[in-house]
Amino acid sequence: MTGTAPVPFTADDYAARMERAARQAADAGLAGLLVVPGPDMVWLTGYTPPADTERLTLLVLAPGRPPELVVPALEAPDAGRATGAPALTLRDWTDGRDPYALTAALLDARGRFGVSDNAWALHLLALQRTLPDTSYVSLTEALPMLRAVKDAAELERLAAAGAAADAAFEEIKQVRFSGRLESEVAADLAGLLRRFGHSQVDFTIVASGPNGANPHHEAGDRRIERGDMVVLDFGGLKDGYGSDTSRTVHVGEPTDQERRVHDLVREAQEAGFRAVRPGAACQDVDRAARAVISDAGYGEYFIHRTGHGIGVTTHEPPYMIEGEEQPLVPGMCFSVEPGVYLPGRFGVRIEDIVTVTEDGGRRLNDTERELVIVD
């Protein structure tokens, strides 16, 4: 079961995104944006060039100018077939020519530019040598909300990805845990995500017993035992948009403390969700969830932020963390995932993706949040 295919994005969709990005750059006092292969380029143009090539590929967005894509000549045909290509002017270069001189002609020689976070130092340093009076700032620093507010089509894809992850959880509850390696259950989860339509699996955390106290534990060769609490955190990309959910299950009957801690995290997750509303600050979501855990005496064991944004990547701005005063806006999507981690014993995390609505929030994950008993 993979569901129906989403409505494709159009050339007009990509043109509008590029126009909006250039406008936001101007509002931020930048001369433009320099976007390299990666999630920003895919989101802005629909073009997915080779991410590991040493040849310069660069989208230049500047206020008042049409978007221009500097691209190696051997890849220009593929770039020209991208959905967003009608809104682009291609500037191709051949091996043996200087691509930085070509790019320099498109830039303000004294401008300050926002640059994709994953830009290669090789390319950025070469541009600086060619245009020594330019300066650069990362896109996350300059325009952290560039991709944060999703339109209806993006929300539809995120909801479908969340539903697919939920379907994977419903299936994984039925498999045997006791006596199996964490890595075996993780492989089951990866297979289920693909079965339900994911083209890319980013992570399948299966953290049993004391390993659950490590929030980013890599599933390994520990054999799961009866009496273990097991944290499951998994997600990836479906139709280009992310899923990410966490549930904590127990192999056999839990102890009273294990049940109390799970109930506490569930209460904290609910408090974080209820704090979601337009105009609230990102940090308000973190504060609401953290207060529940701190008031119960477990504050020192909640050791990470409450949430992160999600879209064409599974982790992106905004972040639900103390000090982040960015107001929530309808269309933002992010995780709400408090946890308690008791070293040497067990951990609990419960996570849903949430989108901001006009009057509150809506969960994109709907599996049960009560403690699930597995075999």
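A cavity is a set of grid points where a 1.4 Å probe fits but cannot get out, and its lining residues have an atom within 4 Å of a point. In this predicted model, the largest cavity is lined by Leu34, Val36, Leu56, Leu58, Val115, Ala119, Trp120, His123, Leu124 and Leu127. The space inside the largest cavity comes to about 60 Å³, and the structure holds one cavity of 30 Å³ or more. By residue class, the lining divides into nine nonpolar, one polar and no charged residues. Helix H5 supplies the largest share of this lining, namely three residues.

Six of them form an open sheet with mixed pairing, in the order E4-E3-E2-E1-E5-E6. Strand E4 (89–93) and strand E6 (135–138) stand at the edges with a single partner strand each, so one side of each is left without a neighbour in the sheet. From one strand to the next, the twist averages 25°. Helix H5 (residues 121–130) lies across E1, E2, strand E5 (112–115) and E6, and its direction makes an angle of about 155° with E6.

Within the sheet, strand E2 can be followed on both sides. Strand E1 (residues 32–35) and strand E2 (residues 58–61) run antiparallel and are joined by three bridges; Val35 has Leu59 as its bridge partner in E2. Strand E3 (residues 68–72) also pairs with E2 in the antiparallel sense over three bridges, and there the bridge partner of Leu59 is Leu69. The hairpin of E2 and E3 has six residues between the strands, and in this hairpin Gly64 takes a positive phi near 80°.

In a regular strand the side chains alternate between the two faces of the sheet. In E2, Leu58 and Val60 point one way, whereas Leu59 and Leu61 point the other way, and all are buried. Leu58 is also one of the residues lining the largest cavity.

Strand E5 contains Phe113. Residues under 20% relative accessible area count as buried, and Phe113 therefore belongs to that class, at 2% relative accessibility. Leaving aside residues up to four places away in sequence, Phe113 touches Leu30, Ala31, Gly32, Leu33, Leu34, Leu107, Asp108, Thr134, Ser135, Tyr136 and Val137. Among these contacts, Leu34 also lines the largest cavity. Phe113 and Ser138 are 25 residues apart in sequence, with their C-alpha atoms 8.5 Å apart in space.

Conventions
Residues are numbered from 1 along each chain as its sequence is written. This is a predicted model: local features need pLDDT of at least 70, side-chain atom pairs count only at pLDDT 80 or more; totals for chains, interfaces and linings use all residues. Side-chain values use heavy atoms; hydrogens and water are left out. Two strands pair if DSSP finds at least two bridges between them. Helices (H or I, at least four residues) and strands (E, at least two) are DSSP runs, numbered from the N terminus. Axes are lines fitted to C-alpha atoms, for helices over the stretch in contact, and angles run from 0 to 180 degrees between N-to-C directions. Contact means heavy atoms within 4.5 Å. On a 1 Å grid over the protein atoms alone, a cavity is a set of points where a 1.4 Å probe fits but cannot get out, and a pocket is an open set with protein on both sides within 12 Å along at least five of seven lines; lining residues have an atom within 4 Å of a point. Grid points are joined across faces, edges and corners, and a volume is the space filled by probe spheres set on the points. Ala, Val, Leu, Ile, Met, Phe, Trp, Tyr, Cys and Pro count as nonpolar, Asp, Glu, Lys and Arg as charged, and the others, Gly among them, as polar. Buried means under 20% relative accessible area, exposed over 50%, partly exposed in between (1.4 Å probe, protein chains only).
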